[in-house]
Amino acid sequence: MPAAGFAVAPAAVEFEAKITPVVIISCMMAATGGLMFGYDIGVSGGVTSMPSFLKEFFPVVYERIQKHQGDESNYCKYDDESLQLFTSSLYLAALTATFFASYTTRVLGRKQTMLIAGIFFIVGTILNATAVSLLMLILGRISLGCGVGFANQAVPLFLSEIAPTRIRGALNIMFQFDVTVGILFANLINYSTSKIEGGWGWRVSLALAGIPALLLTLGAMLVDDTPNSLIERGHLEKGKAVLRKIRGTENVEPEYLEILEASRIAQEVKHPFRNLLMRQNRPPLVIAIMLQVFQQFTGINAIMFYAPVLFNTVGFGNDASLYSSVITGAVNVISTLVSIYSVDKIGRRILLLEAGVQMFISQTIIGVVLGLKLQDNSSDLSRGMAIAVVLMVCSFVSSFAWSWGPLGWLIPSETFPLETRSAGQSVTVCVNMIFTFVIAQSFLSMLCHMKFGIFLFFSGWVLVMSLFVVFLLPETKGVPIEEMTEKVWKQHWFWKRFMDDVAGETKDSV
């Protein structure tokens, strides 16, 4: 038996698979989970810059901004713990939900877990759009967070398992592409609803989250579960039928046998979370954890959550700040298309390394410009300098969108063996949500105390993560999902030391 429970096909064998309409449609429908996630990210920053929203739920912040006549710090006028909790409560809920999602993904399947996510999204949208108190608003965000936890657990696994090997990267990145589309839509809607007379535009912004919520729920009802999930749960014939359907060929026996063997090993593992800590599972576990930590410490969520607030601070004014956020949202979408096109051609590592250079330069320039021109209680930021800040933000967003954004989700979803894949994805989502929560809850306070230095702080982290990619991240382009041990981990200069006597250790642990 091959090491780590992988059934390894000969190196020359490539499973027969056509790019079928059912695969494309299924991936598009599943990826709407990303649309919802992105909309939630984008909408929170927009509504928190609307005076009517702040006046109703955060009167202290509203009064502070109204009284701001140059005596309030440019960096501190939005510093409020309850305002930060509105955004970050979603991620705390997602962190908790992902542990339940790991169980449902394994026992009920990827399809049912996506359906549960859709229901949470619908409930959260209703609570937020009809909120009459801060408690109701926070409860809505918590429900949305549960949806994020379930969706981010199931969707990347669904996409990686259903996609043919040669385009697995591109199809998986559809999740991140929908995240960027969701952010862009949220920015466009916020820009429009901020102009509604009567102060109820924020309700429209929050209510329109119901559209992607309904799309995900409907999609989860219509798609088939993945062959890997069906076979793992004992539905062998149905799994084989779905495999024929999505591959567009009758010749699925080699791939079916490989999934069957991986499933047999998975069935023997009674404690997948405990197995994650076994020696042979440490490489994908460490990679998954570090990718999530680094993804958040690029500073992307700090910029995307609070882009309207950031541009307000820079001196654009309310409408102009939302308009600028729409520009960065469009850059995000277009740049993610670059990743979809190139990830299976040039590989994961090159995209990450190029982006590291671009993000480091962009954030350093932003930090220096703000340090020289935006003082604590006054702004010497000319129109030209303000435009330069926006251009550097766009440069940063574009490089993130074709690298750490999509690949932070893609690589963990394709590197764990089947027996620990649900548990591994759960840890991935959990770590992501922990650090998203930390950044979301602390960013405005960090901005207040660190001022322009916050961007230099994040650029330092970009340098660290780029060195991590150079030395410790192997290339996974074109490797079948159930063959990562033999073709990736056993070939890597550092990680191969964890692959000795794997079969024996697996057997002993069961």
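**Entry 1: overview.** I am working from a predicted model. I began with the secondary structure, which comes to 25 helices and 0 strands. Next I looked up burial: of the 510 residues in the protein, 61% are buried. I also checked contacts with a separation of 6 or more, and residues 24 or more positions apart account for 82% of them.

**Entry 2: aromatic pairs.** How many aromatic pairs does the structure hold? I get 20. I picked out Phe53 and Trp202, with ring centres 5.4 Å apart and planes at 70°. Over 60 degrees counts as edge-to-face, so that is what I call this pair. I then looked up where the two partners sit. Phe53 belongs to helix H3 (residues 51-57) and Trp202 to helix H9 (residues 201-207). They are 149 residues apart, so I noted the pair as a link between distant parts of the chain.

Buried or exposed, I asked of Phe53? Phe53 is buried, at 0% relative accessible area. I put Trp202 down as buried too, because its relative accessibility is 1% and the cut-off is under 20%.

My other pick was Trp489 with Trp495, again an edge-to-face pair. I have 6.4 Å centre to centre and 90° between the planes. Both of these Trp residues, Trp489 and Trp495, are buried.

**Entry 3: charges over rings.** I looked for lysines over aromatic faces and wrote down two. Lys195 lies over the face of Tyr191, 4.9 Å from the ring centre. Lys240 has its charged end over the ring of Tyr256, at 4.7 Å from the centre.

**Entry 4: H21 against H22.** Last, I turned to helix H21 (residues 404-415) and helix H22 (residues 418-450). At what angle do they pack? I have about 155°, with the axes 9 Å apart. Angles over 145 degrees count as roughly antiparallel, so H21 and H22 go down as roughly antiparallel to each other. I noted their crossing as right-handed.

Which residues make the contact? From H21 I listed Trp409, Pro412 and Ser413. On the H22 side I have Arg421, Gln425, Thr428, Val429 and Asn432.

Key: Residues numbered from 1 in each chain as written. Predicted model: local features only at pLDDT ≥ 70, side-chain atom pairs only at ≥ 80, totals over all residues. Heavy atoms only, no water. Phe/Tyr/Trp six-rings, centres within 6.5 Å; stacked < 30°, edge-to-face > 60°. Helix = DSSP H or I, 4+ residues; strand = E, 2+ residues; numbered from the N terminus. Buried < 20%, exposed > 50% of the residue type's maximum accessible area, 1.4 Å probe, protein only. Lys NZ or Arg CZ within 6 Å of the ring centre and 35° of its normal. Axes fitted to C-alpha atoms, helices over the stretch in contact; angles between N-to-C directions. Parallel < 35°, antiparallel > 145°, perpendicular 65-115°, else oblique. Left-handed = near helix turned anticlockwise from the far one by under 90°. Contact = heavy atoms within 4.5 Å.
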